[in-house]
Amino acid sequence: MPALFEELVRALGGLDLFVFAAGIMPEIGPAEYDTPVDLNMLAINFGGCVAWTNPVAVLFRSQRRGTIVGISSVAGERGRKGNPMYGSTKAAMNHYLESLRNRLGDFGVHVCTIKPGFVATAMTAGKDVFWLITAEEAARQILAAARGGANERFVPRRWALVMFVIRHIPSFVFRKLNF
Ligand SMILES: NC(=O)c1ccc[n+]([C@@H]2O[C@H](COP(=O)([O-])OP(=O)(O)OC[C@H]3O[C@@H](n4cnc5c(N)ncnc54)[C@H](OP(=O)(O)O)[C@@H]3O)[C@@H](O)[C@H]2O)c1
């Protein structure tokens, strides 16, 4: 990754904005506990984030400017029944990006964590979801949050209220919810 990253920065003539968006969310059955499937998700969603963001952090720290954007998810807010590893990779991203923000803030580098709700992409195709926004609209809101200096931003913003409520549902109630 570091060699490829150096090549990309050379080809671009420099870098001041980096967005990590790669991620997968395979369907997980209610009785499925499959380690290779889970570890593959961990490697792509979180391992990929770390592998790319570390060399970006080194570059941005040395040039004393730059913005790192990580696309996390509303799924990282609670441990839902539905897909334990997907949510865990996003929760891990939230923690990691917050740490980077705190490490790099004194060096003029900004780190922005994005928590989208449902966006119309291959990931949601054919799924019965609500409040779906287009990828273009999501990108517009993500860039606006990054340029505005947000530390964390739900996209669209109304998810912040939903997640505030969801975070405060007691465990004994939350475990009865099937999503
Ligand atoms: N769609 C939603 O509702 C939603 C909601 C919350 C968060 N998110 C997050 O948003 C991000 C983008 O997802 P999306 O909705 O755009 O889904 P998507 O259309 O399925 O795109 C997935 C992206 O991940 C990349 N990717 C997958 N496997 C990879 C691998 N092994 N190595 C490198 N790149 C890989 C893909 O690259 P290629 O195109 O080269 O395959 C593609 O750019 C993900 O992190 C997802 O978790 C999405």
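Reader: Leaving aside its neighbours within four places in sequence, which residues is arginine 65 in contact with?

Author: This is a predicted model. In it, arginine 65 is in contact with Asp16, Phe60, Phe107, Gly108 and Val109. Contact here means heavy atoms within 4.5 Å. Arginine 65 sits in the loop between α2 (35-63) and β2 (66-71).

Reader: Why is arginine 65 called partly exposed?

Author: Its relative accessible area is 45%. Buried means under 20%, and exposed means over 50%. The value for arginine 65 falls in between, so the residue is partly exposed.

Reader: What makes arginine 65 and aspartate 16 a salt bridge?

Author: Their closest N and O atoms are 3.7 Å apart. The cut-off is 4 Å, from a side-chain nitrogen of Lys or Arg to a carboxyl oxygen of Asp or Glu. The pair therefore qualifies as a salt bridge.

Reader: Why does the pair of arginine 65 and aspartate 16 tie together parts that are apart in sequence?

Author: Arginine 65 lies in the loop between α2 and β2, while aspartate 16 lies in the loop between α1 (2-12) and β1 (17-20). The parts so joined are 49 residues apart in sequence. Aspartate 16 also counts as partly exposed, at 45% relative accessibility.

Reader: How many salt bridges does a search of the whole structure find?

Author: The search finds 6. One of them joins the side chains of lysine 115 and glutamate 77, at 2.9 Å from N to O. Lysine 115 is in strand β3 (residues 109-116), and glutamate 77 is in the loop between β2 and α3 (84-104), 38 residues apart.

Reader: Is lysine 115 buried or exposed?

Author: Buried. Its relative accessible area is 5%, and the limit for buried is under 20%. Glutamate 77 is buried as well. Glutamate 152, at 39%, counts as partly exposed.

Reader: Why is threonine 53 called buried?

Author: Its relative accessible area is 1%. That is under 20%, so threonine 53 is buried. Threonine 53 is found in helix α2. Not counting residues up to four places away in sequence, threonine 53 touches Phe18, Ile68, Tyr96 and Leu100.

Reader: What is noted about the phi of tryptophan 131?

Author: Its phi is near 55°, a positive value in a residue other than glycine. Most residues other than glycine have a negative phi. Tryptophan 131 is in the loop between β4 (119-120) and β5 (133-134). Arginine 64, not a glycine either, has a positive phi of about 55°.

Reader: Is the peptide bond from valine 155 to proline 156 cis or trans?

Author: Cis, with omega near -10°. Most peptide bonds are trans. Proline 156 is in the loop between β6 (152-155) and α5 (159-167).

Reader: What lies 2.8 Å from an oxygen atom of the ligand?

Author: A backbone N or O atom of valine 119. For a polar contact, the pair must be within 3.5 Å. A polar backbone atom of glycine 23 is 3.1 Å from a ligand oxygen. Taken alone the ligand exposes 890 Å², and the protein buries 57% of that.

Terms used:
Residues numbered from 1 in each chain as written. Predicted model: local features only at pLDDT ≥ 70, side-chain atom pairs only at ≥ 80, totals over all residues. Heavy atoms only, no water. Helix = DSSP H or I, 4+ residues; strand = E, 2+ residues; numbered from the N terminus. Buried < 20%, exposed > 50% of the residue type's maximum accessible area, 1.4 Å probe, protein only. Polar contact = N/O pair within 3.5 Å; in protein donor to acceptor, adjacent residues only side chain to side chain. Areas by Shrake-Rupley, 256 points an atom, 1.4 Å probe, with all protein chains shown as cover.
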